[in-house]
Amino acid sequence: MEIVVERLIGLDDMEQSLNVFGFADRHLRMVEDELNVKVHARNGELRITGFEHSADRAADVLNRLLDIAREGDAVTEQQVRYFISLSADPESQRGGELPSDLVCVTYRGKPIKCKTFGQKHYVGEIRRNPIVFGIGPAGTGKTFLAVAMAVKAFREKLVSRIILTRPAVEAGERLGFLPGDLQSKVDPYLRPLYDSLYQIMGPETYQTHMERGIIEVAPLAYMRGRTLDEAFIILDEAQNTTPEQMKMFLTRMGVGSRTIITGDVTQIDLPGSTRSGLIESQRILRGVEGISFVHLSARDVVRHELVQRIVLAYERDVKGKERQDRRDRGGTADE
């Protein structure tokens, strides 16, 4: 039988404390509602009252939020929900504390940092390996962090250019009906890459580097036959490559280059029974030295909280269909 306990957390700075509490103490109310505890701020302390396991979880969540506040970052509702979910599964807290070191700084001086343990693991693998696959659902930051790491490497003169590419696969629409020349037709497919670079580098630097050829954003088909030396190369939406395209892309890598491949295997737009190069590469390249596969999950989604719920709803639907298929084939739902 669990006993009711009290946990105390010292509050050093009132401004940091208000950051953790949230507007009208909304963050504290979220912790109370989700973990079935009571939280009161009094005499420079947070007092957490509840059953022992719940009180310990709440103390862990609030201590982590205080760490974020001490770094000078704003505490968000998404972070509160994230740490509440993690508190139920200590094994998922890979790597201990979230890092305080910067991934990159935007042209406005805004720091870009990892927001989840999955993102921390992803960035760490990018630092350690020449080729990294970032695989996960929408909103996990896999493309944005890849671009941030590319800009960081360029600024530190580790590479001399940045190359971003995507397969121009039609998601239920027809390229031929779009107005304009070929570049005009493929630009919408590459827009997310433009946007990430623009946000980090700023309009003037971005435009200057584009004009000088230091930054190149192009459809995957433009990569054929090239050797890319001293470049930071990012292939986005890799789930829409064929195995042949993936092999072609990976063999473009030259001396002094680094490569990141990102994709979401739940959003494949390839026609018919065409195999995904991203799925095939996991089977073929697993265990190859210098290549790392990082799998992000719905827990790593850092967009609006509804995006996380949508991702989870689709995952539940897929699992339900798989169980039904097994039953239809005469197996059991648990095999």
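Me: Which residue follows α2, and near what value is its phi?
Reply: In this predicted model, helix α2 covers residues 26-35. The residue that comes after α2 is Asn36, and its phi is positive, near 60°.

Me: Which residues in α2 are buried?
Reply: A residue counts as buried when its relative accessible area is under 20%. The buried residues of α2 pack against α1 (14-21), β2, β3, α3 (52-70) and α4. In α2, the residues that are buried are His27, Leu28, Met30, Val31, Glu32 and Leu35.

Me: Are α2 and α4 roughly parallel or roughly antiparallel to each other?
Reply: The axes of α2 and α4 (residues 77-87) come within 10 Å and cross at roughly 25°. Angles under 35 degrees count as roughly parallel. The crossing of the two helices is right-handed. The relation of α2 to α4 is therefore roughly parallel.

Me: How many nonpolar, polar and charged residues does the contact of α2 with α4 have?
Reply: On the α2 side stand Arg26, His27, Met30, Val31, Glu34 and Leu35, which meet Glu77, Val80, Arg81, Ile84 and Ser87 in α4. Sorted by class, this contact has 5 nonpolar, 2 polar and 4 charged residues.

Me: Which residue takes a positive phi in the hairpin of β2 and β3?
Reply: Strand β2 (residues 38-42) and strand β3 (residues 45-51) run antiparallel and are joined by 5 bridges. The hairpin has 2 residues between the strands, and a positive phi near 55° is taken by Asn43.

Me: Which residue in β3 is the bridge partner of His40?
Reply: β2 and β3 are joined by bridges and run antiparallel. Within β3, the residue that pairs with His40 is Arg47.

Me: Which strands stand at the edges of the open sheet of 3 strands?
Reply: The order of this open sheet is β1-β3-β2, and its pairing is antiparallel. An edge strand has a single partner strand, so one side of it is left without a neighbour in the sheet. The twist from one strand to the next averages 20°. The strands at the edges are β1 (4-10) and β2.

Me: In the open sheet of 6 strands, which strands stand at the edges?
Reply: Here the pairing is parallel, and the order is β8-β7-β9-β10-β6-β11. Neighbouring strands are turned by 15° against each other on average, direction ignored. Each edge strand has a single partner, so it lacks a neighbour on one side; these strands are β8 (215-219) and β11 (291-295).

Me: What is the bridge partner of Leu164 in β8?
Reply: Strand β7 (residues 161-166) runs parallel to β8, and 5 bridges join the two. In β8, the partner of Leu164 is Val217.

Me: Does Thr259 count as buried or exposed?
Reply: Thr259 lies in strand β10. Beyond its neighbours within four places in sequence, it is in contact with Pro130, Ile131, Val132, Ile233, Phe249 and Met253. The cut-off for a buried residue is under 20% relative accessible area. The relative accessibility of Thr259 is 3%, so this residue counts as buried.

Me: What distance separates the C-alpha atoms of Gln199 and Phe144?
Reply: Gln199 is found in helix α7 (residues 182-201), and at 44% relative accessibility it counts as partly exposed. Leaving aside neighbours within four places in sequence, its contacts are Thr106, Tyr107 and Phe144. Gln199 and Phe144 are 55 residues apart along the chain, and their C-alpha atoms are separated by 9.8 Å.

Me: What percentage of the residues in the protein is buried?
Reply: The protein has 11 helices and 11 strands. Of its contacts with a separation of 6 or more, 70% are between residues 24 or more positions apart. Among the 335 residues of the protein, the buried share is 45%.

Technical notes
Residues are numbered from 1 along each chain as its sequence is written. This is a predicted model: local features need pLDDT of at least 70, side-chain atom pairs count only at pLDDT 80 or more; totals for chains, interfaces and linings use all residues. Side-chain values use heavy atoms; hydrogens and water are left out. Axes are lines fitted to C-alpha atoms, for helices over the stretch in contact, and angles run from 0 to 180 degrees between N-to-C directions. Helices (H or I, at least four residues) and strands (E, at least two) are DSSP runs, numbered from the N terminus. Angles under 35 degrees count as roughly parallel, over 145 as roughly antiparallel, 65 to 115 as roughly perpendicular and the rest as oblique. A crossing is left-handed if the near helix is turned anticlockwise from the far one by less than a right angle, and right-handed if clockwise. Contact means heavy atoms within 4.5 Å. Ala, Val, Leu, Ile, Met, Phe, Trp, Tyr, Cys and Pro count as nonpolar, Asp, Glu, Lys and Arg as charged, and the others, Gly among them, as polar. Two strands pair if DSSP finds at least two bridges between them. Buried means under 20% relative accessible area, exposed over 50%, partly exposed in between (1.4 Å probe, protein chains only).
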